[in-house]
Amino acid sequence: MAGRSVAALVGKIALAMVSVLVLGATGLAWGTFRELQGLGTSQAISGESSPPGSTQNILVLGLTTRKGMNGEDLPKEVLDNLHAGDSSVGGYNTNTMIVLHVPGDGSKAQAVSVPRDDYVTFVDGPLLGSTKGKLKEAYGKAKEQEQERIYAQGERDPATLEQKAREAGRVSVRKNVEALLNIHIDHLAEISLAGFYDLATQLDGIDVCLKHATSDTNAGANFKQGRQHLNGAQALAFVRQRDNLPNNDLDRTHRQQAFLASITTKLKEQGVFGNLGKLQGMIDVATKDVVIDKGWDLLSFAQQAQNLTGGNIEFHTLPIKGYAKDPNDPSSDINLIDIPYVQALVQTLFNPAPAAAPTAPTTTTPAPPPIKGGGSTVDVRNGIGEDGLAAKLANALSGYGFTKGEATSVAPQASSQIFYGTGAKEDALKLAQFFGGIKATASTSAAPGHVALWIGKGFTTPTALAGATAATPTTTVPVPTEGPQGGAVDGGGIPCVD
């Protein structure tokens with residue numbers, strides 16, 4: 001029992017902190033594990049999670065907020081060490097979004113960093129009146145919107161307002177990442193800005209390697225070229241820097257990945273978890289700076305993930321098409337993205353095709369797709385309140401010749417209807433028939449080339465789509481090695497980054 005308890009302890013601290021995973025048993029007592037029961041928990045994961053021991057997708061969020069778990073200001077000495085301004089700065093953007101894919105068969109894990117400025121349609125929008133925005137903004141907008149709602153209902157306790165509003169933020173970013181990548185998130189871990197500093201400090205700093213000397217006064221960064229040791233404050237500046245880097249935010253994601261690789265290497269090589277003092281310090285950090293979802297069975301997961309601290313993990317940054325001005329703020333840039341390509345890339349990384357094996361000739365004819373669209377954009381409006389249904393249908397239809405459009409929730413609808421714009425009649429009629437004879441009507445409110453599927457009372461997902469709503473079309477694409485997002489960062493050792 002001691003081995004399992006310690007593996008769970010290490011998994012709970014390290015992975016919940018920054019996607020850093022477990023080491024083997026160190027002989028500590030079961031009572032040590034129980035000290036982590038004060039770790040914050042979230043209800044942000046909906047639906048069924050994958051069974052323990054099976055493949056897991058874990059969303060790790062890093063917040064910009066300079067406040068504590070209950071909305072309290074951080075002590076001045078902490079803010080001074082962060083070099084990040086006072087508690088009024090930063091808001092609640094998710095500047096770090098990493099999806100960690102841990103295969104159930106023990107093969108190499110894949111971690112993808114989602115660039116914070118990717119411009120998306122909020123699937124749970126509008127958020128504070130916005131239907132589109134940077135992905136990083138979903139958390140803060142949903143939080144503020146929920147806080148206003150429960151305040152109007154009479155809630156006045158600051159800690160309650162903060163906790164419930166943050167929960168809405170977690171739900172929003174989880175939904176939007178799921179929709180963007182067309183995956184299901186099994187578990188979630190959230191760490192505050194101070195948590196990066198506290199973790200590095202408790203470990204007596206980290207080792208990093210830089211391709212070039214660089215500095216950034218805004219982040220407090222001033223680094224030489226080559227391998228070097230950073231203390232806690234320097235480590236935070238390392239993961240925050242974006243100015244004076246060749247690809248700004250995209251290079252910052254490589255810094256975050258290198259931070260994780262450095263910590264996994266240190267945990268493996270220096271036996272941190274054999275040191276009771278350091279372990280207790282990490283427990284203190286976890287209970288102060290970390291939130292994980294309530295349903296996470298870490299006893300089982302820790303056993304599954306033990307080999308990742310041996311470097312059996314690879315980091316990728318999702319590519320972008322280019323930059324543009326933010327329609328909501330012309331002084332700010334957004335990332336333009338090719339969503340079908342991004343989804344196909346994630347599918348390629350998370351579900352690599354097995355090596356081809358010789359097979360006997362066969363005359364079996366593949367089953368035809370349940371429906372074949374002509375390329376029209378399908379916007380799905382969920383009017384029956386089933387969580388995530390609009391996004392699931394939009395994702396599923398994108399695999400059968402339709403272009404994925406908006407996926408939103410609307411007021412309850414008495415019946416299901418389809419409206420279509422110029423040039424989309426044929427696809428609208430196909431969908432109308434496929435969904436059981438829903439009425440399809442031309443509408444000047446529908447954009448050219450668009451079909452709007454309004455889901456109302458009595459709607460049933462067709463059996464042919466039921467098994468496809470969580471799957472990406474089986475399109476394999478080359479994993480990019482060049483471009484502003486760069487190639488893969490190996491999690492074994494100390495990688496050199498910009």
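This is a short tour of a predicted model, stop by stop.

**Whole chain**

Start with everything selected. The chain runs to 498 residues, and 52% of them count as buried. Colour by secondary structure: there are 14 helices and 22 strands. Now turn to contacts between residues at least 6 apart in sequence. Of these, 75% join residues at least 24 apart.

Zoom in on the bond from glycine 125 to proline 126. Is this peptide bond cis or trans? It is cis, with omega near 0 degrees. As background, most peptide bonds are trans, and most residues other than glycine have a negative phi. The next two stops take up phi.

**Asparagine 182**

Select helix H5 (158-181) and strand S7 (187-191). Asparagine 182 lies in the loop between them. Check its backbone: phi is near 55 degrees, a positive value in a residue that is not glycine. Then check its cover. Asparagine 182 has a relative accessible area of 3%, so it is buried, the cut-off being under 20%.

**Asparagine 244**

Move on to helix H7 (232-240) and helix H8 (248-270). The loop between these helices holds asparagine 244. Here too phi is positive, about 65 degrees, and the residue is not a glycine. Is asparagine 244 buried or exposed? Its relative accessible area is 58%, so it is exposed; the cut-off is over 50%.

**Helix H13**

For the last stop, select residues 425-434, which form H13. Show the side chains of Asp427, Ala428, Leu431, Ala432 and Phe434: these are buried. Look down the helix axis. The buried residues fall within an arc of 165 degrees, so they line one face of H13.

Finally, step past the end of the helix. Glycine 436 follows H13, and its phi is positive, near 90 degrees.

Note on methods
Residues are numbered from 1 along each chain as its sequence is written. This is a predicted model: local features need pLDDT of at least 70, side-chain atom pairs count only at pLDDT 80 or more; totals for chains, interfaces and linings use all residues. Side-chain values use heavy atoms; hydrogens and water are left out. Buried means under 20% relative accessible area, exposed over 50%, partly exposed in between (1.4 Å probe, protein chains only). Helices (H or I, at least four residues) and strands (E, at least two) are DSSP runs, numbered from the N terminus. The arc is that of the directions from the helix axis to the C-beta atoms. Contact means heavy atoms within 4.5 Å.
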